[in-house]
Amino acid sequence: MKETKSTCPYCGVGCGVIIESQGDQITGVRGDPDHPANFGRLCTKGSTLHLTATAEVTRQTRLLHPLLRDQAGMAPYRISWDSALGIATDRFARTIAEHGPDAVGFYISGQLLTEDYYVFNKLAKGLIGTNNVDTNSRLCMSSAVAGYKMTLGADAPPNCYDDVNHADCIFIVGSNTAWAHPILFRRIEDAKRARPDMKIIFCDPRRTDTAEIADLYLPLQPGTDVMLFHGLLHIMLWEGWVKPDYITAHTNGFDALKARVRECTPELVAQTCGLKREDLFTAAKWFATSASTLSLYCQGLNQSSSGTAKNAALINLHLATAQIGKPGAGPFSLTGQPNAMGGREVGGLANLLSAHRDLANPAHRAEVAALWGVPSVPEKPGKTAVEMFQAAADGEIKALWIACTNPAQSMPDQSTVRRALERAEFVVVQEAFLTTATCDYADLLLPATTWGEKTGTVTNSERRISRVRPAVAAPGGTRHDWVIAVEFARGLEARLRPGAPTLFPYDTADATAGAEAVWNEHRESTRGRDLDITGLSYPVLEQAPQQWPLPAGASTGKARLYEDGVFPTADGKARFADVAYQPLAEPRESRYPFSLTTGRLRDHWHGMSRTGTLGRLFGHVPEPTVQMHPQDMDRRKLAEGDLVHVTSKRGSIVLPVQASDEIGLSQAFIAMHWGGEYLSGCSSTGARLAGVNAITTSAYCPTSKQPELKHAAVKILKAELP
Ligand code: SF4
């Protein structure tokens, strides 16, 4: 039996795993006791990874050879890799020649490794000359990126998991940590057990399992977070709990914010947020006066039409109370996906460039062009996720390349997304699994390797870079994601830059050497930047995962940032964000009287292409439902299990209703995972169903462009059975 150290491919906790294998079969998995993210622990998803990689599951679910579909609705048929890459090159080259580089778009994924991300970014921005490259990470963390940059000056989560063990107060807001980041939650439980005096505040419209550990639960009304944070600051100011010395020495802009929060009286905040006045005082006191306060937050803040403002308003509290830059204190955003952080690091989003550079900055564009050896990087901003599919639906983007993600389920407002996939003249889907709804729209399907087969790196929520290693050979005709991108890029280079030396000189025949060469190029791009990793290498990562920054000469990465009170801004000071409270994009009203929110289940991951292959993972929540408050069900004469239409302005889905005291009156919850294989029926075009995103809104935060997946106004009516 062989043992291979790698990393779990699910959530942003980034747990280390040891894969057991025999020949080409993965036979077991266990937590890596040496990995600092989990010290040997795994959750239900991680501990069953090996069962999702059996020969039987591979046979039933994997895309193992390139497939071409001649006509929509027809079954795709097998072709060779040479033919597949030739067709892809022809179609993209023709589209670029006829309509310009912005007529193509790449929609990639926080599931990809850093090396994959790097190559796709260079392919789009360096070779083709379009910034139309965005990622499903736009749906999970772009508000966190924008919030950090607006206040602290750089997209750098300042904390580490060990801060949980130092915190005297933990403020969990907009995160069902117990289910979405289970191994981090185990750490919080351990800390609370060891130090019962530690205060835990949990703030979320739903009273999820995370509330079980809280000393104070704040069931705020959906979308009112900014009002709450401003109200807490108002109380802190009134009570004299802010830290004037820190504010003066290390920040700018406090006076403007102070003037704004003057209006946010406890009475107004209690009324707007649906909270008790005395709870606001308790929360403000614990946050401000504890020796160290750590905030943990996730999609409840990010997936919002005011996501950036929510992030920034929370960070304001940390700056005003000096709860940052010391053990156990700081605003710690949790990433949903295993490598959303790596994508940010290589600039794999439409508005970013390598190593936290900004596309809008001419000097940054020139630096990246020089690093890549291209004349320039285009100035025009690329289309972000929602914009990209809207542009395809409008006929502006004509060729789409989708890698390792399932927009026909995960994007909001599916009617637009599916119209885009139908209208685009050529859709490439690069995937490991043939079971996603997006595969139904592909003209060309390219089979990719996945967990247990790939090599490269990922970065978790605490800035820790870990190696991903292959335990078994790539099955069938699958190829690594970065290799597919490089082979396509080289074909395109022959058309776009004939005779010029390749921009992609990586060894595709030796996956580890090639991936290391890609990573080394990425590393060079970080020199002198806030995330400088010039002191890091694959050999160093062989010893242990490391946090960034780790510049040349340093022996280890930095556990926490801003301990010296110096921030990466022009004058070294952090900036208070004077952000306004904005109501929801689509408030509930008489015709749509329910606030629908979406979220994760404990035992499933995204569209369930992997976790859905395991019967045992349906034991916790066996079927899709819409959860409602029991009183709302009584009022509408609904019984447990009744089928209901859940309808928004964009569409309708039918689900059984389930009573839940986790949610408030006039609220409803549907898990994001159910769709595709796991909902019966298909769309009018024969494609698998989208699930809850048939009804969500694509309204997005104007700064981060992250859509408001956490809220849509809906009506819920009993379905009449025929
Ligand atoms: Fe994997 Fe996240 Fe579970 Fe860790 S907590 S085992 S990274 S899913």
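The following questions and answers concern this predicted model and the terms applied to its parts.

Q: How do you know what confidence the predictor has in this protein?
A: The model is predicted, and pLDDT gives the predictor's confidence in each residue on a scale from 0 to 100. The mean pLDDT of the protein is 97, and 99% of its residues reach 70 or more. The model as a whole scores ipTM 1.00 and pTM 0.97.

Q: Into which domains is the protein divided?
A: The protein is divided into domain 1 (2-61), domain 2 (67-140 + 351-547), domain 3 (154-334) and domain 4 (594-718). These bounds come from an automatic or database domain assignment.

Q: What makes domain 1 and domain 2 count as being in contact?
A: Two residues are in contact if their C-beta atoms lie within 7 Å. By this rule, 22 residues of domain 1 are in contact with 18 residues of domain 2. On the domain 1 side, β1 (2-7), β2 (16-22), β3 (25-31) and α1 (55-61) each supply at least two residues. The largest share, five residues, comes from β1. The residues of this side divide into eight nonpolar, 11 polar and three charged. The centres of the two domains, taken over C-alpha atoms, are separated by 25 Å.

Q: Why is G31 called buried?
A: A residue is buried if 20 or more other C-beta atoms lie within 10 Å of its own. G31 has 21 such atoms, and therefore G31 is buried. This residue lies in strand β3. Beyond residues up to four places away in sequence, G31 touches C15, G16, V17, N38, G40, R41 and L42.

Q: What makes the peptide bond from W548 to P549 cis?
A: The omega of this bond is near 0°. P549 lies in the loop between β21 (546-547) and β22 (574-575). Most peptide bonds are trans.

Q: How do you know on which side of α18 the buried residues lie?
A: In helix α18 (residues 414-423), Q414, V417, R418, A420 and L421 are buried. They cover an arc of only 150° around the axis, and so they are on the same side of α18. An α-helix has 3.6 residues a turn, so residues three or four places apart point the same way. Among the elements covering the buried residues of α18 are α16 (385-393), α17 (407-410) and β17 (426-431).

Q: Which residues form the shell around the ligand?
A: Of the 14 residues around the ligand, C8, Y10, C15, C43 and G46 come nearest. The shell divides into nine nonpolar residues, four polar and one charged. At least three residues are drawn from each of domain 1 and domain 3.

Definitions and conventions
Residues numbered from 1 in each chain as written. Predicted model: local features only at pLDDT ≥ 70, side-chain atom pairs only at ≥ 80, totals over all residues. Buried ≥ 20, exposed ≤ 12 C-beta atoms within 10 Å, placed from the backbone. Helix = DSSP H or I, 4+ residues; strand = E, 2+ residues; numbered from the N terminus. Arc of directions from axis to C-beta. Near = placed C-beta within 6 Å. Nonpolar A, V, L, I, M, F, W, Y, C, P; charged D, E, K, R; others polar.
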